[in-house]
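Subject: Structure handover

Hello,

Here is the structure for your files. My notes on it follow below.

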Amino acid sequence: MDIKYKKSINSFTVFLEGEIDECSVSNVKDLLDKMILDNIDIKRVVFDLSNVSFMDSTGIGLLIGRYKKLKSLSIDSYIKGANIATEKVLELAGLYNIMPKF
């Protein structure tokens, strides 16, 4: 799993790449939390999943945890670019009800 990011004036885009599963989530979680805390002046975070090849329920937990952290800081969060397989996982989990598509 690889993470890149791009910051603009009021937003922060996180580009996730690879597989989001139990093996990769612990390192990713810590890195994302640091990115969020280092950029608390922004108004929104967009999680770009265009290059995610696989995501299981652990990935859903990762996104929900970051959603809660962002919400506590009054920062909106969105999801962008999920492929068909990832899209199904997100829809079944109801994640778009709390983190809309960007």
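A salt bridge here is a side-chain nitrogen of Lys or Arg within 4 Å of a carboxyl oxygen of Asp or Glu. Lys-34 and Asp-38 form one through their side chains, with N to O at 2.7 Å. The two residues are four apart in helix H1, so about one helical turn separates them. Helices (H or I, at least four residues) and strands (E, at least two) are DSSP runs, numbered from the N terminus.

Before the rest, the basis of the notes. This is a predicted model, in which local features need pLDDT of at least 70 and side-chain atom pairs count only at pLDDT 80 or more, while totals for chains, interfaces and linings use all residues. Residues are numbered from 1 along each chain as its sequence is written, and side-chain values use heavy atoms, with hydrogens and water left out.

Confidence

pLDDT is the predictor's confidence in each residue, from 0 to 100. Its mean over the protein chain is 94, and 100% of the residues reach 70 or more. Among the elements, H1 has the lowest mean (90), and strand E4 (residues 76-80) has the highest (97).

Salt bridges

The whole structure has five salt bridges. As to accessibility, buried means under 20% relative accessible area, exposed over 50%, and partly exposed in between (1.4 Å probe, protein chains only).

Another bridge joins the side chains of Arg-66 and Asp-33, at 2.7 Å, N to O. Arg-66 belongs to helix H2 and Asp-33 to helix H1, so the pair ties together parts that are 33 residues apart in sequence. Both Arg-66 and Asp-33 are buried.

Asp-2 and Lys-4 also meet in a salt bridge, at 3.9 Å, N to O. Asp-2 is partly exposed at 34%, and Lys-4 is partly exposed at 47%.

Nonpolar core

A nonpolar core is a set of buried Ala, Val, Leu, Ile, Met, Phe, Trp, Tyr and Cys residues joined through side-chain atoms within 4.5 Å. The largest one has 28 residues, and Phe-47, Leu-49, Leu-63 and Leu-90 have the most contacts inside it. At least two core residues come from each of strand E2 (11-20), helix H1 (22-38), strand E3 (44-55) and helix H2 (57-72).

Contact means heavy atoms within 4.5 Å. Apart from neighbours within four places in sequence, Leu-63 is in contact with Phe-47, Leu-49, Met-55, Ile-79, Leu-90, Leu-95 and Met-99.

Thr-13 is in strand E2 and is buried, at 14% relative accessible area. Leaving out neighbours within four places in sequence, Thr-13 contacts Lys-4, Tyr-5, Lys-6, Val-46 and Asp-48. Lys-6 lies in strand E1 (residues 2-7) and is exposed, at 56%. Beyond four places in sequence, Lys-6 touches Ser-11, Phe-12, Thr-13 and Phe-15. From Lys-6 to Val-46 is 40 residues in sequence and 9.8 Å in space, C-alpha to C-alpha.

Rings

Rings of Phe, Tyr and Trp (its six-membered ring) pair if their centres lie within 6.5 Å; planes under 30 degrees apart count as stacked, over 60 as edge-to-face and the rest as tilted. There are two aromatic pairs by this rule. Tyr-5 and Phe-12 have ring centres 5.1 Å apart and planes at 25°, so this pair is stacked. Phe-12 is buried, at 2% relative accessibility.

Regards
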